[in-house]
Amino acid sequence: MAKWAILSGIEGNIAAYEAVMADIKLQIRGIEALYILGDVVGATPESEQVVERILNPKRGELEPLVCKGWWEEQCLILHGWSATVEPTDLLEKYGGETVKLLWDAVSKQTVNWIRSLDFGFFELDCLLIHGSTVSIDEELTPDTPPIFMCDRLSRMQANNFFCGRSGLAFQYHLEGGSVTSSVTTLDTQTPPQVVTIDSKQIVGVGNVGRSYGEAVYTLYNPDSNQVEFRNVRYGEKKGFAKV
């Protein structure tokens with residue numbers, strides 16, 4: 001049974017990406033697709049090296065399918081290719097020094113490549129994006145309320161939703177059921193509306209490059225609907241393990 005390898009958050013860490021690619025090669029059962037759910041680049045000089053590596057897979061490696069992430073969106077803002085004029089989020093989270101580092105780390109050629117990336121992918125009954133169905137920067141976590149998750153899922157007809165914005169590795173199950181809603185004003189009350197949902201799952205795919213020495217990514221079997229989190233240690237403490 002072929003699996004999908006789903007990554008997010010390389011963040012310009014070439015050593016982490018190489019460690020994950022090595023782990024993928026060790027899988028006994030083949031990998032038929034490789035998805036990278038954004039945050040390929042980061043405020044690091046290795047970002048260009050990571051992009052070059054992704055665009056030129058080694059012999060026997062799959063060509064990754066890549067969508068935009070939060071860091072890619074910041075690059076577009078800095079270069080004037082976004083509706084957002086100022087990098088407010090980047091400044092608030094990391095400060096002006098990081099803004100300069102990101103500007104220096106990512107070339108105009110790479111920015112043009114970023115512009116060509118999709119918002120996400122829809123395969124079989126699976127949606128794969130960086131943030132949520134609302135925006136790239138929205139984080140879904142194990143603590144997100146079920147009604148909030150239902151709203152995000154109702155926007156797309158997907159039973160399996162993979163995201164990477166939070167950097168966490170988690171499975172969030174929504175059991176099948178129905179939600180009844182109505183609106184009451186001073187003058188009228190609308191008839192109740194019933195929305196029925198099937199059983200669904202939201203999967204946080206982990207983060208590859210944020211924590212040096214430890215990369216986390218996800219394997220997914222679309223035939224059995226099974227999810228496996230892989231924890232890859234590299235550097236001084238090398239090794240491979242399940243989360």
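A residue is called buried under 20% relative accessible area, exposed over 50% and partly exposed in between (1.4 Å probe, protein chains only). This is a predicted model, in which local features need pLDDT of at least 70 and side-chain atom pairs count only at pLDDT 80 or more, while totals for chains, interfaces and linings use all residues. Residues are numbered from 1 along each chain as its sequence is written, and side-chain values use heavy atoms, with hydrogens and water left out.

**Salt bridges**

- A salt bridge requires a side-chain nitrogen of Lys or Arg within 4 Å of a carboxyl oxygen of Asp or Glu; the count by this rule is 12.
- E138 pairs with R152 in a salt bridge whose closest N and O atoms are 2.8 Å apart. This pair links distant parts of the chain, 14 residues apart, with E138 in the loop between β5 (126-129) and α7 (146-154) and R152 in helix α7. Both E138 and R152 are buried.
- R53 and E61 are likewise buried, and their side chains form a salt bridge at 2.8 Å, N to O.
- Between R155 and D151, the closest N and O atoms of the salt bridge are 3.2 Å apart. D151 is partly exposed, because its relative accessible area is 30%; R155 is also partly exposed, at 46%.
- Salt bridges with shared partners join E18, K25, R53, K58 and E61 into one network.

**Surface charge**

- D89, E92, D137 and E139 form a patch of negative charge on the surface. Patch members have over 30% relative accessible area and no salt bridge, with like charges joined within 9 Å.
- D89 belongs to helix α4 (residues 88-94), helices being DSSP runs (H or I) of at least four residues.

Definitions and conventions. Patches are made of residues with over 30% relative accessible area and no salt bridge: like charges are joined within 9 Å, nonpolar side chains (Val, Leu, Ile, Met, Phe, Trp, Tyr) within 5 Å. Accessible areas come from the Shrake-Rupley method with a 1.4 Å probe; for residues, only the protein chains shown count as cover. Lys and Arg count as positive and Asp and Glu as negative; His and the chain ends are not counted. The place of a charge is taken as NZ of Lys, CZ of Arg, CG of Asp or CD of Glu. Helices (H or I, at least four residues) and strands (E, at least two) are DSSP runs, numbered from the N terminus.
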